[in-house]
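Please show the model that this tutorial is about.

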Amino acid sequence: SILTEEFPARLAAFNGLTRDMRDAGIAIKALVLSDNMICVDCKSLDLLSRHFGHEFRGMRCNAEGQVARNTATIRGIGVVWFTQVKQQDE
């Protein structure tokens with residue numbers, strides 16, 4: 001499935017966004033081409049928002065125990081970061 005006609009364009013978009021994020025100073029924690037996902041450090045959210053906020057599409061958040069998995073689609077690629085889930089006072 002990796003050697004499809006769409007693969008070169010998908011790889012170019014993935015590499016281009018990765019390069020642009022690094023140029024912006026965003027700390028990348030993981031690159032998962034097979035899942036079309038770039039994982040960034042939550043400490044880089046200000047830079048991510050400042051440089052790519054206008055490109056955010058499909059924002060979503062899923063709680064996974066004490067951690068929230070946040071995802072935004074940028075240029076067709078899932079950009080993921082993890083944050084702590086805030087507990088409500090009883």
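**Reading a loop, a core and a fold**

Q: Which backbone nitrogen lies 2.8 Å from a polar atom of the side chain of Asp 41?

A: A polar contact is a pair of N or O atoms within 3.5 Å, where within protein one must be able to donate a hydrogen and the other to accept it, and residues adjacent in sequence count only if both atoms are side-chain atoms. Here, a polar atom of the Asp 41 side chain lies 2.8 Å from the backbone nitrogen of Lys 43. This is a predicted model, in which local features need pLDDT of at least 70 and side-chain atom pairs count only at pLDDT 80 or more, while totals for chains, interfaces and linings use all residues. Residues are numbered from 1 along each chain as its sequence is written, and side-chain values use heavy atoms, with hydrogens and water left out.

Q: Where is Asp 41 found, and is Asp 41 buried or exposed?

A: Buried means under 20% relative accessible area, exposed over 50%, and partly exposed in between (1.4 Å probe, protein chains only). Asp 41 is found in the loop between E2 and H2, and it counts as buried because its relative accessibility is 18%. Ser 44 lies in the loop between E2 and H2 and is buried, with a relative accessible area of 6%.

Q: What are Asp 41 and Ser 44 in contact with, leaving aside neighbours within four places in sequence?

A: Contact means heavy atoms within 4.5 Å. On that reading, Asp 41 is in contact with Ala 27 and Lys 29, whereas Ser 44 is in contact with Gly 25, Ile 26 and Ala 27.

Q: Which residues touch the most other members of the largest nonpolar core?

A: In soluble globular proteins, nonpolar side chains tend to be buried together. A nonpolar core is a set of buried Ala, Val, Leu, Ile, Met, Phe, Trp, Tyr and Cys residues joined through side-chain atoms within 4.5 Å. The largest one has 14 residues, of which Leu 17, Met 21, Val 40, Leu 48 and Phe 52 touch the most other members. At least two residues of this core come from each of helix H1 (7–23), strand E2 (37–40), helix H2 (45–52), strand E4 (67–74) and strand E5 (77–84).

Q: How many helices and strands has the chain?

A: Helices (H or I, at least four residues) and strands (E, at least two) are DSSP runs, numbered from the N terminus. The chain has 2 helices and 5 strands, and from the N terminus on its elements run α-β-β-α-β-β-β.
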